[in-house]
Each structure stands twice: as structure tokens, then as C-alpha cells.
Amino acid sequence: MQFIDLKRQQERILQKIESRIATVFKHGQYIMGPEVAELEENLCQYTQAKHCLGVASGSTALDLVLMAWGIGPGDAVFTTPLSFIATGESIAKTGAIPIFVDINHSTFNLDTSLLEKAIQAVLTQNAALYPLPLQAIEKQLKPKAIVPVDLFGYPADYHTILHTANKYQLKVLEDAAQGFGGFYEENSPLCNCGCTAATTSFFPAKPLGCYGDGGAVFTNNDELAALIDALRYHGRADAQNKNDNIRLGCNGRLDTLQAGILLAKLEIFEEEMQARQNVAAVYTALLAEVPEIISPPAPSKGRSTWAQYTIQLPEGTNRALVMEQMKSAGIPTVINYPKGMHRQGAFAYLKYSEQDFPQVEKVTSRVLSLPMHPYITQAEQEYIVGTLVHALY
Ligand SMILES: *Cc1c(COP(=O)(O)O)cnc(C)c1O
């Protein structure tokens, strides 16, 4: 059994993919060929966003937006400690200081009831108000932006995030690397649910994945879109002045081949999203028999992409042993994530302490992600849950 079975999807659409690849081979425009614009148009349609820009990866997408906003030294950017490292990394690389805010243990997303406290703590340099990194206590940082993450595809609490952002004049960058295809509420698709900009990733294991690295930036702001377009071409002045580099950028473009592959996959994407809803519902129904296991919630309004189906094992469970037993039964499981970003070596310089984010500590010691993809069968799910229960009791 595969954790994410890309082979089953490929068998279904191999012809479409091969035909897309053959077309690219024929026209030979490997960089920014027509497939990139076609994909961008399709993704705009899907999200109703005004602009979509195909870029080199989800990480590059984050970098480009922060670069375009001029985020840098002296700035404070608020985010969740429970995410893939790229979220915090993109902030820190600009020279800005990431300010982590604890999570809601049920949704795994940033706890928005703590957000304002953290902003106030930065403004008053008062770590008694909310745990701060060393740098925020030593010098007056300027709150600039919030980077919420739709972790595991579950929409972050945009109502409160946008309200708080408005109050403190902060920009909001939605890291929807796991969230493309989800909805915050009806008619409010992730990647276009009110934030200044949003990013996603086409890493193969994401809900919409290509066969390599890829990503996209979404925004309704014309100027930001034009700037990010220039930045993905090393900061060129414009398409007519390709060698006039009026600012620094990077090589941030999405490959034509990957865009072609994504176009083939996009044809069945909505169907796959529906299948993911069913798979999640089956897991939740099966797990309801074991009340000590906490299932991830389904959003009450909107829709999760179920990029991961992540449960919380009963307190005190020997998780390594459970994973070992499942592995011997042929079932791969994954820990998303073993620790909060604030405890990663790369962020040691922030001098956060282990007690700063109690919900993250609690959750990271118990989480376990089960195999999750649109093609998993009910029989497989029954086997997975049966094996899990056997391992636990
Ligand atoms: C995958 C991921 C990224 C980075 O995307 P890449 O395409 O791998 O660079 C960023 N943020 C989150 C939350 C992710 O899951």
C-alpha cells in the first residue's frame, strides 16, 4: 500500500498526460510555453482569482510574495509553528523575524484568539503578554504581515485573521500549499478568500501535484501580479525590456512541461476532490468506533482538501510501536509534523522555549497521518483502521 498512490491516478489519465508532454516536445517552448498561460487561466477560473502566476515551487511562491512586499529586517511576520518548514523559512530568509502563534488543537491551524495578543506583545516588546523570540524583545519590530496556513487542507480562520489584519494594517499571505481545491465557505475558494495574496504548491504529493516541483501565486491586485511576474524573471523591467533588470528577483518560473502535466490532471481534479471527501468521511465513520482516537474535523462551512488525514492517538500511546506494527502489516504512516518549527535547529536563533506553544507540543506528540488519496478503497480503509485498533489494544 502507498501513503499517496500516484500510480492509480496516472493509470487513469496516462494518455492525456502523454499527449500534453508530446505537444510540448513538438513546440519546444520549454520555458513559459503556452501551457503555462493556459494553466494560469484555468486556475483563475477554478478559484475566481483575478491573477494566477505559475512559479517554480510552493516555496518560491512564498519567497516571491514576501519579496514583492519588501518584507525584511526589522519586520515581524506572524505565522503558525505547525507547518512545513518552508512557511517559516521564507519569512526568516528575508531578514524579518517570524513570530509564532500557537495552534487550535482540533483544527491544527493558527489559534486566532491568540493572534492579537501576539501582535500587542510585539508592539509593546512585552513577552509577558505572549511568548516572543529574543529579537522581538531586544528591538522594536514592525508588525507587517500574517502568513496563515491551511494545514492538511483545513481552511484557516480567515474571518478573524482578516479582521485582525485590517485593524493593524497587516498584509495577509495565505499559504495554501495544501489547500488548493478547498473552500473557506461557500463561494469562497481557498487561494481567493480575501487575503492580499495566496500561494500553492504542485509538489507531487500535494492534492494537485505535478511530476516535479511547481507552485503558483494568486492575487486580485494588478500591481502585485505585475511585480511578481517581473520577479520570477530575475526582476526584469517588463517583457519588452528583458535585459533591463531594475530590481533583484530570481529564476522563479514554472516549467512548461509541468504546466502541461497539471492541465491533464486538472481535468479530473474536482472529481478527485469529491472522492477525497468520501474517503475522509469513511475514515471518520470507522474511527468513531474508537472514541479515544481524535479524528480531524470536517469544516462546518467550506471544504477541506484532506491533503492529509491526521488523527491524534490516545495520550500515552507508544506511537513508534504503532507505526512499526502498521508498517509490518504493509501500511505506511507519517508524522506531520514531529515538532514545531520553533524547535527546529534552523530557528534556534529565535530562542523560543519548549513551553511556548503548549498546543503544538501536545499535538506533535500524538499525531499520525494515515494513507490518504482519492483512489483508496473502503476495503483498504477498513484494513487500515482494523490494523490500527489492533495495534492500540
Ligand atoms: C509543501 C509546502 C510548502 C512548500 O512547497 P514546495 O512546492 O515543496 O516548495 C509550503 N508550505 C506548506 C504548508 C507546504 O505543505
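Buried means that a residue has under 20% relative accessible area, exposed means over 50%, and partly exposed is in between (1.4 Å probe, protein chains only). Keep that in mind for helix 11, where Arg319, Val322, Met323 and Met326 are buried. What you're looking at is a predicted model, where local features need pLDDT of at least 70 and side-chain atom pairs count only at pLDDT 80 or more, while totals for chains, interfaces and linings use all residues. Residues are numbered from 1 along each chain as its sequence is written, and side-chain values use heavy atoms, with hydrogens and water left out.

- Helices (H or I, at least four residues) and strands (E, at least two) are DSSP runs, numbered from the N terminus.
- Back to the buried residues of helix 11, Arg319, Val322, Met323 and Met326: they sit on the same side of the helix, because they cover an arc of only 95 degrees around the axis. That arc is taken from the directions from the helix axis to the C-beta atoms.
- Ala320 and Ser328, on the other side of helix 11, are exposed.
- Asp356 is buried but has no salt bridge, and Arg343, the nearest side chain of opposite charge, is 9.6 Å away. For charges, Lys and Arg count as positive and Asp and Glu as negative, while His and the chain ends are not counted.
- What does the side chain of Asp356 reach at 2.8 Å? It reaches the backbone nitrogen of Ser353.

**The ligand**

- There are 15 residues around the ligand, and Gly58, Ser59, Gln178, Ser201 and Lys206 come nearest. To count as near, a residue needs a heavy atom within 4 Å of the molecule.
- Oxygen atoms of the ligand come up again and again here: one is 2.7 Å from a polar backbone atom of Gly58, and one is 2.7 Å from an N or O atom in the side chain of Gln178.
- A polar side-chain atom of Ser201 lies 2.6 Å from an oxygen atom of the ligand.
- On its own the ligand has 380 Å² of accessible area, and the protein covers 94% of that. Such areas come from the Shrake-Rupley method with a 1.4 Å probe.

**Salt bridges**

- The structure holds 16 salt bridges (a side-chain nitrogen of Lys or Arg within 4 Å of a carboxyl oxygen of Asp or Glu).
- One of them is between Lys50 and Asp222, at 2.8 Å from N to O. Lys50 is in the loop between helix 2 and strand 1 (51-55) and Asp222 is in helix 8 (residues 222-231), so this pair links parts of the chain that are 172 residues apart.
- Lys301 and Glu185 also meet in a salt bridge (3.4 Å, N to O). Lys301 lies in the loop between helix 10 (269-287) and strand 12 (309-312) and Glu185 in strand 6 (residues 183-185), so the pair ties together parts 116 residues apart in sequence.

**Positive phi**

- Met32 has a positive phi of about 50 degrees although it is not a glycine, and Met32 is found in the loop between helix 1 (6-27) and helix 2 (34-47).

Key: A polar contact is a pair of N or O atoms within 3.5 Å; within protein, one must be able to donate a hydrogen and the other to accept it, and residues adjacent in sequence count only if both atoms are side-chain atoms.
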